[in-house]
Amino acid sequence: LVEKSRVLGAHMLARLRAIESPALKEVRGRGLWAGAEIDPTIASAREVCERLLAKGVLSKETHHSVVRLAPPLIIARDDLDWALDRFEDALHELDGTRRRSDAA
């Protein structure tokens with residue numbers, strides 16, 4: 001589980017950092033724990049978490065501007081990617097932009 005957390009955590013952080021959205025200010029984390037700081041002029045972390053919940057992804061807002069993501073250590077990469085896609089979709093819904101893959 002430790003190795004899986006390291007590998008999937010690096011993948012998750014890379015995916016989060018690759019999101020091009022003005023709503024996403026910073027991403028930090030270790031292993032399968034990540035914090036995504038949301039620009040409060042665009043949305044609150046609570047708004048992002050509520051959109052994620054509607055899409056089937058559980059998350060937690062912290063300090064009004066950080067979305068905490070902590071998937072289970074046994075998560076499959078496909079499931080992690082599915083959740084990260086929902087996170088990116090939620091950000092783009094809030095900031096009015098489109099995902100790079102949707103724009104093509």
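In which strand does A34 lie? In this structure, which is a predicted model, A34 lies in strand β2, a stretch that covers residues 33-38. A34 has a relative accessible area of 5%, and because the cut-off for a buried residue is under 20%, A34 counts as buried.

Leaving aside the neighbours of A34 within four places in sequence, the residues in contact with A34 are M12, L13, L16, R28, G29, V67, R68 and L69. One of these contacts shows how the fold brings separate parts of the chain together: A34 and L13 are 21 residues apart along the chain, and yet their C-alpha atoms are separated by 7.2 Å.

In soluble globular proteins, nonpolar side chains tend to be buried together. The largest nonpolar core of this model has 28 residues, and those with the most contacts inside this core are L16, V48, V67, F87 and L91. Two or more residues of the core are given by each of the elements α1 (2-17), β1 (24-30), β2, α2 (45-54), β4 and α3 (77-95), and the largest share, seven residues, comes from α3.

For F87, when neighbours within four places in sequence are left aside, the residues in contact are L16, I19, A36, V48, L52 and V67.

## One face of helix α2

Which residues of α2 are buried? They are A45, V48, C49 and L52, and, seen down the axis of α2, these buried residues fall within an arc of 100°, so they line one face of the helix. The spacing can be understood from helix geometry, because an α-helix has 3.6 residues a turn, so residues three or four places apart point the same way.

The buried residues of α2 pack against β2, β3, β4 and α3. Just after α2, the chain reaches G56, which takes a positive phi of about 95°.

Most residues other than glycine have a negative phi.

Where are H63 and H64 placed? H63 is in the loop between β3 (60-62) and β4 (66-69), and H64 is likewise in the loop between β3 and β4. H63 has a relative accessible area of 68% and is exposed, while H64 is exposed with a relative accessible area of 71%; both count as exposed because the cut-off is over 50%.

Notes
Residues are numbered from 1 along each chain as its sequence is written. This is a predicted model: local features need pLDDT of at least 70, side-chain atom pairs count only at pLDDT 80 or more; totals for chains, interfaces and linings use all residues. Side-chain values use heavy atoms; hydrogens and water are left out. Helices (H or I, at least four residues) and strands (E, at least two) are DSSP runs, numbered from the N terminus. Buried means under 20% relative accessible area, exposed over 50%, partly exposed in between (1.4 Å probe, protein chains only). Contact means heavy atoms within 4.5 Å. A nonpolar core is a set of buried Ala, Val, Leu, Ile, Met, Phe, Trp, Tyr and Cys residues joined through side-chain atoms within 4.5 Å. The arc is that of the directions from the helix axis to the C-beta atoms.
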